[in-house]
Amino acid sequence: MLKTHNCGELRAEHAGQQVTLAGWIHRWREHGGLIFWDLRDRWGITQVTINQDTTPDIHALAHEVRSEWVVQVTGTVIRRPVGMENTDLATGAIELEVTGLRVLNRAKTPPFYINKNNSVDEALRMRYRYLDLRRPAMQRNLVLRHNVIRFIRNYLSDRGFIEIETPILFKTTPEGARDYLVPSRLHPGKFYALPQSPQQLKQLLMVAGYERYFQIARCFRDEDQRGDRQPEFTQLDLEMSFVEREDVLDLIEGMFTRLVEEVSDRTLVTKPFPRLSYAEAMRRYGTDKPDLRYGLEFADLSDFVATAGFRVFSEAVAAGNPVRAICAPGCGTYSRKQLDELEALAKEAGAKGLAWMAIEESEAGPVRSPIAKFFSADQLAEIIARAGARPGDLLLFAADTEAVVCAVLDTLRREIAHRLGLDDPQKVAFCWVIDFPLFTWNEDEQRWDPSHHLFTAPMWEDVALLDSAPGKARGQQYDLACNGYEIAGGSIRIHDRAIQEKIFGLIGLDVEVAKERFGHMLEAFEFGTPPHGGIAPGIDRLVMLLAGQPNIREVIAFPKTQQAADLMAGAPSEAEPGQLAELHIRVVEAED
RNA sequence: GGGGGCGUAGUGUAGCGGUUAACAUGCCGGCCUGUCAAGCCGGAGAUCGCGGGUUCGAAUCCCGUCGCUCCCGCCA
């Protein structure tokens, strides 16, 4: 080893020892005859001193050294002089008095600061990702990611799970997300697909009798990017046999509770994890992934505003649509401009406008609002009571279709929480969302689509509904939400061929097509399949939240840009004609 | 596929019809023996993303284009 210690471990008790450190020059300060270096490696920073009086040759060499050069220094650990300790540094009680120096490598001046945590153009970060990753903040993120994955591996291994790898080259399934296809050299005109998740394979491992499987699995989906979506990402893929929903929820809840408390520095604010039915989540928060770091629940007014003189409300109710409100605490003094901003957001979410009331007692009544005149005193009192509004608060209303009301109020809720500083990244709030409808109606195709995926079992008591009212059947599906993100989704699976074929029928999957695509699954299910179920938490999103980061690029070593490109290596790139010929591929010009 | 934001010395920003294109930091040189965002002095460094247009005059206004980013659609 070129070092005896790392740059984060020397303390006062090491004083007097001869040690060798190696790392990068984080910062340098030259005071003529005395040079200070902050020497950095993955473990921390140690101050190094080079004295011209005692080591003139080393001083002369050190004078040439610049930021990010790689050096090896040998010397004596000394306690810093009284009053010169640096309490901001773990190693701040000591410094290394250098008696030997080797420049291991020089460095060009980096294109951006390694030693400052300021913002850098994203394209530049990606082009020089290896330098970006050298920054202490990124190293912290990746160390946390490692610790999270290590904790998960240990936790599950201790509970009888084994990790099994599944193929990256697999079979395309046109259901779900767009596949990444891989052309086959040996089979002209045929393609593998990269897995969107190891869903089928883990179920087959249950058929195979492994009972408890997990995998830190790379997944691929060729869809457009978001801050929380990359074309390739990592799931904790997990499946168990002979379990019911409660078994899976208990396992994951126990694991994530300990994970947050033992591996991260975040505060877990939901313990145990609240459970919401899908219907309840939509009614109270307008989303199936509510952020429970704060309340700001919706108030439903549909049942009594029909008689008010405000036609937007009465007509909505007459059409069978909901009227709901959200209370923004302390926002009653919002200016015209601020209200306009909220209205613009509401319109972006689908609203036609945004009605509001400021709770403000005056001679005219208890509220200040353009629509106050349409309501009786009793009605206003009822609205205020239901919304839990107090003087100084602002009420915002949505009256439209169920979907629009949910979307609008969800948008406003998150905006208000952000403006009020309620979305504290130091907090993590998990909640389970359960009792999802098994199907959602696809208006375009005039058929039922699976809400989760086609192997999700219906609630056993709802099986009869598959024939009578498929839209009412609930699935044994469960999602885990955290801070407004979907962090995991899973289900108890169908292990019965008859039910599986019924599902295929309902989603309009022709029997022959189903056999072609899923024949291996159907066949496997006939050889003694245990009841089984599982879940798949997204590792990137989880680590993002535990690291307090705003997007998953910050916790992925080499992420892609929003255009799904790697700016460092230059991927994707064109292939050699010879490669294409071998793969039986001809590139055609894109149509305009 | 659609909408919003950003693009100015190496980096981060200011300037938003007429400036010698400004500030900070970094970089280069010098001074400096207790700094830790060191300090002081001096210096170099920008075809204002790219292309076109409007104008007497464009970093600034308009159109197009490229890149990054946020969002909608999409993501079983």
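1. Basis. The model is predicted: local features need pLDDT of at least 70, side-chain atom pairs need 80 or more, and totals for chains, interfaces and linings use all residues. Residues are numbered from 1 along each chain as its sequence is written, chains are lettered from A and ligands numbered from 1 in written order, and side-chain values use heavy atoms, without hydrogens and water.

2. RNA surroundings. RNA strand B is surrounded by 50 residues (a heavy atom within 4 Å). The closest are D53, M84, E95, E223 and H452. They divide into 12 nonpolar, 20 polar and 18 charged (nonpolar: Ala, Val, Leu, Ile, Met, Phe, Trp, Tyr, Cys, Pro; charged: Asp, Glu, Lys, Arg; polar: the others, Gly among them).

3. RNA side. Of the atoms of RNA strand B within 4 Å of the protein, 49% belong to sugar or phosphate. The rest belong to bases.

4. Individual atom pairs. A polar side-chain atom of E95 lies 2.5 Å from a base nitrogen of RNA strand B. The K116 side chain places an N or O atom 3.0 Å from a sugar or linking oxygen. For T561, a side-chain N or O atom is 3.2 Å from a phosphate oxygen.

5. Helix pair. The axes (lines fitted to C-alpha atoms over the stretch in contact, angles 0 to 180 degrees between N-to-C directions) of helix 9 (336-348) and helix 11 (402-419) come within 9 Å and cross at roughly 140 degrees.

6. Helix contact. Q338, E341, L342, L345 and A346 in helix 9 meet V408, T411, L412, E415 and R419 in helix 11 (heavy atoms within 4.5 Å). This contact has 5 nonpolar, 2 polar and 3 charged residues.

Definitions and conventions:
Helices (H or I, at least four residues) and strands (E, at least two) are DSSP runs, numbered from the N terminus. A polar contact is a pair of N or O atoms within 3.5 Å; within protein, one must be able to donate a hydrogen and the other to accept it, and residues adjacent in sequence count only if both atoms are side-chain atoms.
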